[in-house]
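Thanks for making the time this morning. I would like to walk you through one model, going from single residues out to the whole chain, so please have it open as I talk.

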Amino acid sequence: MRELRRWIRPLVAALLALAGEAQAARDLETDARWKEARQALDNGWFSVAALKGERLRQEQGWDEDDAKDIAGLVAEAWLRARQPDLLLKSLEREPRPHGTLYWRGEAHRMKGELEVAELVLLNYANAGRNEERARLALAQVYLAQGRDTMARRELRPLRDSADAELARRARLMFNESELALHRNEVVQGRLRDESVQDQEAHFLEARALLQEERAEEALEICRVILKGTDGGRRLHHAAQLLAVEALLQSDDAVQAGKELMLFLTTVDRTEFWGEAFDLLSRIRKAGRRPVWTEPPPELGLWVADNTHPERQGYAMFVLGDWLADQQRWQEAAALLESLVAAHPGHPAESAAIRRAMEAYGALGEDARVLELAERWRKDHGGGGEATVDFIAGTIFYQRGDATEAAERFQRSADLAGSVLERRRALYNAGAAALKAGQMALFGRLLAQLDVVGGAEAEGTAAAVAGAGSGETAGDLELDQAIQLAAQGDRQALPVVENFIAQHPAHPRLAEAQVVLAELCLLDLPPRVKAAEAALTEAQTHPNLPDEVRQRILYTQMWCREAEQDWPGVVERGKAFLEAWPEARLSAQVQMKVADAYFRQEDFANALTLFELVARDFPQSDYAEAALFFAGRSAMNLMSQEGADKAIELWEEVAAREGPLAFAARLQQAQAKRRLGKEEEAVKVVDALLAESDQPPATRWSLACEKAELLLLIGARQPEQLGAAVTWLRTFLSTEGLPYAWRARAGFLLASALRQQGDEAAAMETCYDVVTSAPPEMANPDELTWFYRAGFLAVDLLEAQRQWEGAARMAERLAATVGERATEAKDRATRIRLEHFLWEEKR
């Protein structure tokens, strides 16, 4: 009996407990707190909804379905609040919501972990539970990966879903993917056929118009959207930025900059910080006249303001990028490192690490480059040593160390985890080997790349995903031809001809034909007709990218230049500039047109165009050269005003302290010399000589220039000749002075001594120049000053009536192979005939 009681008591207790639980179960739909959470979610207060749901979830007494519904509300709220980490954390707690895999996939998608998201969502969709929303999320993953075809495959059936909102979103996304393919008319037609036109559809219409370069119409639609209240905050922000884009396309960079700065200063929260700051970078680089020559002060304020972390991070990146563009590498590296340290996981972190690697590479701090490469691999690469070696190879390649780059890329290819990664690494290794001149290695890599291309042709998944990436064996063959052409190697021609023959349908065929044209122009003599035929053939290909069309027109300029058809160069150049006034080659084209005017001795037009290049493209590589040659054009106007203008322009070049600063100051000295301002010219030359880092040949040239100026001053002020003599004697005592410079300085010293009346000393100096000449003089400068000193000696000897000495000196000059040898022989013959010196000669 006691045994029976022992079993009955726990059983009764358990039954009572179950009854209590059943009595405590609640109806979720009637719970006021649940209604509040749902209302918060519907009103867009997503974090509030999530927190209310979390509190409900912690309570006991919900049945299984209600508990899963609460967990589902929490998941949806964190997703819509764009808090993927909190969403994932909520999914770790039991009970989990219905469709846990869906929510997990969405969280990974939002975090940018696209491969994980794809795998999770596919598993969920294939299970058949609420498949449509998973398919929509999958399409978003594919769009983010650039796999538009896969995205459209998922979206196409969803456009007719019974869920009206899901169908609307699918149609919008499908149209957006079509816009990425520039199918603007198709998208516009669909939008017109929509029975209900909402603001998001109008926004897509504006995007389509912008892609057709109908910026004014796009801007008008954006303005209408911004005046309305529909569409919500997100759409209004997108429309504001699209309006900025439209202004930029309309060449109104100034107004674009104003509206963008207004957006950045007034918006406290947006999904589009990245797009906004990307526009900021584009605006600062757009236009012939920069909107900002220096970073706007607001950028510095945003860098210092940590109340908006995402904006602060982007501001730090843009400012660091700006500093790097100015080659202020130390400051750029420090700021970018601060971004990485202060905002781990920031959307700009990956780009910041890469830019910091570039800065440290420029500073020669290889150890830090590789440390950052490892950091990038861990946080952003998703790969192993292959990624590290690939990034390191990129840095070494950019630094010009092609041999080390080839080794790193080759190692990356060996460790690659996919066909696509291997192909990319092999391609870069081949390019580096080509640059390093390692042709045997290049041949092996080309063969390996060809094998990878074969795998692609067989349908390897990774290869198919990367098809058209421009990293095939054919691309490398064409790159080889381009590299060989750049090196002046005659093997470039058969390589590119073979490419054209073997790849008649290759996407880069037109580019190859342009390369063929360039090679024809490199022949001696240039094969202009063949080049023009290749360019004509290249023009026949449909849908040529602007870059190829630009190269065609640019190479046509080269054809005209090869035939010295300077008006033709001007005509082709003007056509280019009318079509693409702000293209990458525009500054170079304008320089070539200016040069054509210069060669036609149309110095006024040359001056105008050179100045325009410097003004319109102040950040280009040509700005300094343009100012320099504008000065030369002004100097050639042969007027006082032109000379003054030239000196002013060269002063501007010198103030830049760039590569041409020294040459500009030297030109200033020569210009002042032409104006008869020798004293001022000497001061300029003295300043140049005071620079200690000049190469010896430059210092020797300056020393002789100063001597000539002192001689000119001495012609007016004979008492100054002593300064010239002293200067030249000091210069001639320079250890290791080559003969060409000794001969030049000797001639100048002899001239100064002659002006002083010391003809004997002058004669001795000339004699030393002639008798110290090397047995074989191949250098034109050596012969020039040898002859000048020698003929001056002949003049001095004849003036002293030393006929035999004069004849023999002339014969010494005649015994050379230079261009004045015949003149010297005739001079010796005349002296001997006139003074009956033949018997003495025998």
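Let me start with H346, which sits in the loop between α19 and α20 (349-362), where helices are DSSP runs of H or I of at least four residues, strands are runs of E of at least two, and both are numbered from the N terminus. With a relative accessible area of 7%, H346 is buried, and by that word I mean under 20% relative accessible area, with exposed meaning over 50% and partly exposed in between, using a 1.4 Å probe and protein chains only. The side chain of H346 reaches the backbone oxygen of E310 at 2.8 Å; a polar contact here is a pair of N or O atoms within 3.5 Å, where within protein one must be able to donate a hydrogen and the other to accept it, and residues adjacent in sequence count only if both atoms are side-chain atoms. If we set aside neighbours within four places in sequence, H346 is in contact with P309, E310, G313, Y314 and L339, contact being heavy atoms within 4.5 Å.

Before going further, a word on the source: this is a predicted model, in which local features need pLDDT of at least 70 and side-chain atom pairs count only at pLDDT 80 or more, while totals for chains, interfaces and linings use all residues. Residues are numbered from 1 along each chain as its sequence is written, and side-chain values use heavy atoms, with hydrogens and water left out.

Y314, one of the contacts of H346, brings us to the aromatic residues, because ring pairs link Y314 with W273, F277 and W302 into a cluster. Rings of Phe, Tyr and Trp (its six-membered ring) pair if their centres lie within 6.5 Å, and the pair is stacked if the planes are under 30 degrees apart, edge-to-face if over 60, and tilted otherwise. How many aromatic pairs does a search of the whole structure find? The search returns 12. One of them joins F628 and F629, an edge-to-face pair at 5.4 Å centre to centre with 85 degrees between the planes; F628 is buried, at a relative accessible area of 8%, whereas F629, at 29%, counts as partly exposed. In Y787 and F791 the ring centres are 6.5 Å apart and the planes are at 40 degrees, so this pair is tilted. Both of these residues are buried, and both lie in helix α43 (residues 780-799), 4 residues apart, or about one turn of the helix.

The charged end of R284 sits over the ring of W322, 4.7 Å from its centre, and K706 lies over the face of W727, at 4.0 Å from the ring centre. The criterion is that NZ of Lys or CZ of Arg is within 6 Å of the ring centre and within 35 degrees of the ring normal.

Turning to the cysteines, a search of the whole structure finds 0 disulfides, a disulfide being a pair of cysteine sulfur atoms within 2.5 Å. C520, for example, is in no disulfide, and its nearest cysteine sulfur, that of C559, is 8.8 Å away. C520 is buried, with a relative accessible area of 3%, and C704 is buried as well, at 0%.

C559 comes up again in the surroundings of V528, a residue of helix α30 (residues 528-539) that touches L521, C559, R560, A562 and E563, not counting residues up to four places away in sequence. V528 is buried at 7% relative accessibility, and its C-alpha atom is separated by 7.3 Å from that of A562, 34 residues apart along the chain.

Most residues other than glycine have a negative phi. Yet phi of Q327 is near 60 degrees, and phi of E601 is likewise near 60 degrees. Q327 is placed in the loop between α18 (309-325) and α19 (329-342) and is exposed at 58%, while E601 lies in the loop between α33 (586-599) and α34 (603-616) and is exposed at 61%.

Finally, the whole chain: it has 46 helices and 0 strands, and of its 842 residues 47% count as buried. Residues 24 or more positions apart account for 55% of the contacts with a separation of 6 or more.
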